[in-house]
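This report goes through selected features of one structure, from strand pairing to charged contacts. Please keep the sequence and the coordinates at hand while reading.

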Amino acid sequence: MIRIISALLIGVAALVPAGASAAGPIRLADDAPDSHVVVSGDTLWGISGKFLREPWRWPEVWRLNREEIRNPHLIYPGQIVVLDRNGPTLKLGKRIGGAGDRALYEKRFPQVYSEPARVAIQSIPLRAIAPFLSEPLVVDDADDAAAGIVVATQEGRVFTSPGDTIFATRIDPEVRNWNVYRKAKPLKDPVSGELLGFEAAYLGQARVSSGAGVLVPDLAAGDAVAAGQGSPIPASLVVTSFKQEIGKGDRLLPAGRPELPSYVPHAPEQDVSGRVVSIYNGVGGAGRHDVVAVSLGKRDQIEVGHVLALHRNRGETVYREDNVGPAQRYRLPEHRYGLAFVFRVFDRLAYALVMESDGPAAVADSVRKP
């Protein structure tokens with residue numbers, strides 16, 4: 001049994017997220033139902049899309065304040081979401097009679113109750129981003145300088161697999177589980193050329209089986225080396241999962257627990273402007289439920305749950321009227337073509353899932369506050 005605070009927000013005076021009014025009035029979907037029964041596999045984005053033309057504006061119709069946006073009350077399969085068209089607002093209700101969309105519902109007020117543990121629905125489809133939640137996607141020079149280093153593999157093997165042993169330095173024996181990665185391509189701002197970090201190739205995970213040793217202080221340096229005790233003893237780790245071969249020179253970082261994107265979709269409170277830096281896995285363009293890296297991060301106050309508008313850069317054109325006189329250069333207006341949901345944030349970069357798009361996202365496209 002667990003104690004669950006229900007997402008019942010009726011009668012709660014709350015702040016609408018800063019900047020929400022700038023987005024214009026809430027518009028209901030043309031075929032918005034009066035209610036929706038939450039089922040397994042639903043997402044906050046998907047549910048709000050049944051009621052709203054702009055699904056990311058979910059927090060406004062739930063009247064969530066800033067703290068609730070960052071730590072939302074959870075919604076579970078079997079609960080009923082009811083639309084009040086006068087607000088419009090969304091709330092949880094309990095059917096008390098009738099059937100279909102026009103059934104009667106009992107208003108439910110904030111309360112605390114106990115029930116068997118259930119899995120709350122998430123903001124966006126987890127299956128689309130599950131591999132990105134635990135893998136160290138981006139490292140900077142500071143991360144790389146502090147990372148563990150594989151100095152040898154079991155019996156000098158070129159390839160490793162689960163159950164094999166690797167040996168590494170700079171391993172904290174208090175940390176049991178480690179991600180193994182290889183520093184891959186640099187990620188640069190497509191306009192300024194600023195180096196934002198390195199996209200890491202995830203290789204697998206390893207668990208410490210014995211701690212690293214140190215120099216024996218009772219022996220002189222020369223004697224210690226001669227006795228085979230003058231070099232640090234690397235830590236032994238057992239490979240527990242395997243995605244690519246692990247070898248000498250590969251790096252290790254502590255494996256943290258996956259951060260589930262439970263934040264409700266919401267716009268940044270301040271104006272932001274960045275670019276699409278890369279399309280994950282190097283495909284030519286990103287469509288719906290593809291992952292992009294953008295040149296915005298913690299330093300720009302970007303956080304998990306932020307929704308960013310994607311704008312296509314149409315470039316410039318040159319026109320000379322009637323083929324006489326000087327040529328005039330025109331910068332074509334950008335075209336907003338989609339939305340992306342930020343689900344993992346680093347210092348200067350963030351990864352976002354394309355949620356809506358009427359065309360492929362490309363490197364150098366602009367990302368801004370919607």
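This is a predicted model: local features need pLDDT of at least 70, side-chain atom pairs count only at pLDDT 80 or more; totals for chains, interfaces and linings use all residues.

## Strand β8 and Thr 153

Strand β8 covers residues 148-153, and Thr 153 belongs to this strand. The relative accessible area of Thr 153 is 8%, and because the cut-off for buried is under 20%, Thr 153 counts as buried.

Which residues does Thr 153 touch, leaving aside those up to four places away in sequence? The contacts are Thr 160, Thr 165, Ile 166, Phe 167, Ile 246 and Gly 247.

## Pairing around β13

Strand β13 (residues 251-254) pairs with β8 through two bridges, and the two strands run antiparallel. Within β13, Leu 252 stands opposite Gly 148.

Strand β10 (residues 177-188) is also joined to β13, here by four bridges and again in antiparallel fashion. Leu 252 in β13 is the bridge partner of Val 180.

## Nonpolar cores

The largest nonpolar core has 25 residues, and Phe 343 and Tyr 351 are the members that touch the most others. At least two residues of this core come from each of α4 (126-134), β15 (291-294), β16 (307-312), β19 (335-345) and β20 (350-357). Another core, of 20 residues, lies apart from the largest one; Val 272, Val 342, Ala 361 and Val 367 are among its members.

## Helix α1

Helix α1 spans residues 44-51, and its buried residues include Leu 44, Trp 45, Ile 47, Ser 48 and Phe 51. These residues lie on the same side of α1, because they cover an arc of only 165 degrees around the axis.

An α-helix has 3.6 residues a turn, so residues three or four places apart point the same way.

## Salt bridges

The count of salt bridges comes to 12. One of them joins Glu 54 to Arg 57, with 3.0 Å between the closest N and O atoms. Are these two partners buried or exposed? Glu 54 is buried at 17% relative accessibility, and Arg 57 is buried at 1%.

Asp 84 and Lys 91 form a further salt bridge through their side chains, at 3.4 Å from N to O.

The side chains of Glu 194 and Arg 348 meet in a salt bridge of 3.9 Å, N to O. Where in the chain do Glu 194 and Arg 348 sit? Glu 194 is in the loop between β10 and β11 (195-210), while Arg 348 is in the loop between β19 and β20. The pair therefore links distant parts of the chain, as 154 residues separate the partners.

Glu 194 is partly exposed, with a relative accessible area of 30%, and Arg 348 is partly exposed as well, at 23%. Through salt bridges that share partners, Glu 194 and Arg 348 are joined with Arg 299 and Asp 300 into one network.

Methods: Residues are numbered from 1 along each chain as its sequence is written. Side-chain values use heavy atoms; hydrogens and water are left out. Buried means under 20% relative accessible area, exposed over 50%, partly exposed in between (1.4 Å probe, protein chains only). Contact means heavy atoms within 4.5 Å. Two strands pair if DSSP finds at least two bridges between them. A nonpolar core is a set of buried Ala, Val, Leu, Ile, Met, Phe, Trp, Tyr and Cys residues joined through side-chain atoms within 4.5 Å. A salt bridge is a side-chain nitrogen of Lys or Arg within 4 Å of a carboxyl oxygen of Asp or Glu. The arc is that of the directions from the helix axis to the C-beta atoms.
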